[in-house]
Structures are given as C-alpha cells and as structure tokens.
Amino acid sequence: MFVGPEVHIGTDEYNKKESEQFRHFTNHYLNFVSKYGKTPRLWGSLKVMTGETPVDLTGNVVSAWNYNWMDVNTCLKAGAKVVNLCDWLLYLVPSVNYYHDFLDYQWLYESWMPEMMKKDDPKVEKRHPNFLGAMLAVWNDRVGNGISQQDVHVRTFPALQVVCEKMWKGENAEHVSYAQFKALCQSTPEAPGVNLLAKVPQRTILTDIGKEVTLSGTDVVTTSVDEIGYPYAVEFEICPDSIPNIDAILFKGPHSEFITNWQNTGKFAFRRDGYEFVFHAYRLPVEKWTKIRIEGDIKGTSLFVDGQLLERLEGRIGEVFNVKHQRKDRIWYQETLIFPLKQLGDTQMGFNGKVKNLICTPR
C-alpha cells in the first residue's frame, strides 16, 4: 500500500481541548510507522497542542504549515526534518475570500526565502541540515464553485515556477529582475508536448477569410488550434439553418464544448468539467448572419454580438451549507472558459448551418 519511503499520519487542526489525546495519537503513529522502516511525515501542530504526553519528532518530517501552530524554527529545535508549507504565503485556494487565489509572485521572487513563513519572519539558519525546503499547496475548498482543472493549473504553474526558482537559486532577484524572470517564464513551455495553459502565440485565422464552412449536424471540421487560454478573443460569423439542432456543438476541444440553441432557446452556452454555463441575454436568430465575439480571462467570459457587449459571466454568488460549523457560507462561481477550437461541429450533436471568418487572438 505504501511504496514510498514516507507515510503521512495527518495531525492537522485538531480540537485544542483534546490536546493530550492528540499528542498520544501522534506519538503512537510515529512509533507505529517507524517500526515498519518508514519515515513518518506529519502536519506541524504541537506548538498549539501542548500537554504532558511526550512526542518525539527527532528524524521525522514535519510540514510547517502555519506560523502559530508550528513554525520552522520550532520544528527544527524539536529535531524534526522540516518542509515549509506556510499557509499565508504558499496556500492557493481558488475563488474564495481567504488565502490566495493567486500567489504574490513578485514578492515571493524578490523578498521570500524558502525558510520564511511570514513577511516579517526572523531569518532561520540557512543551510540547516534538517531543513528540506518548501512547497506550495492547492486546496479546492469550495466544491461546486465552477473552478476547472485548467483554472487550477493556471494558478499553480506560475507559482511552481517562482517557488522552484527560489529553492534552486535562492537570492537571485539582485541578478535577474522580476520582469526578466516573468518574461522568461512566459516563453518557457510547461513540458515537452504539454500546453494546458492553451497558449496561442499570435492571432490565428482558422478558416479562410470570406469562405463559408457548411455544417449539416454530423460534420466535423478540424482547425490548427486545439484551444486558446486566457486572456483571449474568439471571433466568428454564424448563420444557423431554419430548424437548428438543439444543444448543438459548435466548437469542441480537449476539455470543453461551446454550444448553440441551448435547450431550444437560441442561447449560447458552454460545458466543461461537469459544469454548464449559459449566456441568457441573447437568442441567436436563424437564417441570418450574425457576428459573434467571445472574450475570456481568468475571472470570466464575455459575449459580444455585432460589436456590442451583451453579457459578462462573472461575479455570481451563491450559498453552500457548512456542515462543520452549521452555517451557510458564500460561494463565488468561476464562469470561465479556455475556449475550445479543435473542431467545428460534431458527428452526433453538431451544429447545422454556416460559419465563416473564425479568428482567435491572444490578448
């Protein structure tokens, strides 16, 4: 079951009233895991969870996640091997009103060091033999808020670039400015053959200008671009047949679909990650050419018709019931779309009509 050298035993944010039981639990599983030849790893909490029950952290790996619960210095003094996982600086929690939606990349690059847990943190001894480094964390606390896998990646990848740079090179901001570093990061691919950020280097014409593409409902026309990431603009002209297919796929990509005539209403909508988002402000007429422009960024998606902004999907707020605290919490919906462009139409639920002048532009 546990094939690696370490086994994590948890120990995060327990009730302070159960401190002695907590310490007993922690010490029991440190010994239990160790006897199988594995190194225990645990969340740092013993600075808050004080008591009489002894807990020996010597040689064990502690994630120092919160300065008050247990900071790097306290962990090192206890004999632990330490990873800095500071919540206030290194936690990503998408689309909430606490912690970071995006990390403070420039501050991290220019001012942070891997041993630091807060901005005014006294300096920890550098090159301490038991300090293993730092890492960031992504917590998707608000299940159902519309965040996509790619939205998480958009937040995580640049954060990894900064944190990894600081852990490999340390105090390098004095040699390479943040502006230079950012430019280098933006020109560096994620990995060979990987483009989850859906970068498109330049304005790209995907159908011959002026030439109509006719789709019968079961046709597929492929393009040279799979999808385009934030921020972008996608423009096209469209003329549906007199009896348009219902929920017809107009554009399809590796992660999403953009549809017309949603529920036979003439409205545009898009689907991704099990979510469906609808532009309610406009109904597309049949047998008539209409110019459409979709703009997308990290916060939302906009619909333009014949050059006029008709609707912006951003800022919708709802409520979810918090079972732990028996209350209602606010939830901020993420109505974003990395636009699908790999194909026009679909073999089973495709658009029937004509499209022309399809162009995508990074902004």
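A disulfide, as counted here, is a pair of cysteine sulfur atoms within 2.5 Å. A search of the whole structure finds zero of them.

Before going on, the background. This is a predicted model, in which local features need pLDDT of at least 70 and side-chain atom pairs count only at pLDDT 80 or more, while totals for chains, interfaces and linings use all residues. Residues are numbered from 1 along each chain as its sequence is written, and side-chain values use heavy atoms, with hydrogens and water left out.

Back to the cysteines. Cys-75 is in no disulfide, and the nearest cysteine sulfur, which belongs to Cys-86, is 12 Å away. Is Cys-75 buried or exposed? Cys-75 is buried, with a relative accessible area of 0%. Buried means under 20% relative accessible area, exposed means over 50%, and partly exposed lies in between, using a 1.4 Å probe and protein chains only. Cys-185 is likewise in no disulfide; the nearest cysteine sulfur is that of Cys-164, 10 Å away. Cys-185 has 11% relative accessibility and counts as buried.

Cys-185 takes us to helix 6, residues 178-186. Helices (H or I, at least four residues) and strands (E, at least two) are DSSP runs, numbered from the N terminus. The buried residues of helix 6 are Tyr-178, Phe-181 and Cys-185. Looking down the axis of helix 6, these buried residues fall within an arc of 60°, so they line one face of the helix. That arc is taken from the directions from the helix axis to the C-beta atoms. On the face turned away from the buried side sit the exposed residues Ala-179, Leu-184 and Gln-186. The cover over the buried residues includes helix 4 (105-111) and helix 5 (149-169).

Next, the cores. A nonpolar core is a set of buried Ala, Val, Leu, Ile, Met, Phe, Trp, Tyr and Cys residues joined through side-chain atoms within 4.5 Å. In soluble globular proteins, nonpolar side chains tend to be buried together. The largest core here has 47 residues, and Leu-57, Val-72, Val-82, Leu-90 and Trp-112 touch the most other members. Helix 4 gives the largest share of this core, four residues. Take Leu-90: leaving aside neighbours within four places in sequence, its contacts (heavy atoms within 4.5 Å) include Leu-103, Leu-108, Trp-112 and Val-163. There is also a second, separate core of 39 residues, with Ala-198, Ile-228, Val-234 and Tyr-282 among them.

Val-234 lies in strand 12, one side of which is Tyr-232, Val-234, Phe-236, Ile-238 and Pro-240. How many of the nine residues of strand 12 are buried? Nine of the nine are, so strand 12 (residues 232-240) is largely enclosed by the rest of the structure.

Two strands pair if DSSP finds at least two bridges between them. Strand 12 runs antiparallel to strand 17 (residues 290-296), joined by seven bridges. Strand 12 also pairs with strand 24 (residues 352-362), antiparallel, over eight bridges. Glu-235 has Arg-293 as its bridge partner in strand 17 and Ile-359 in strand 24.

Last, an open sheet of six strands, in the order 10-23-13-14-15-16, with antiparallel pairing. Its edge strands, strand 10 (220-222) and strand 16 (275-278), each pair on one side only.
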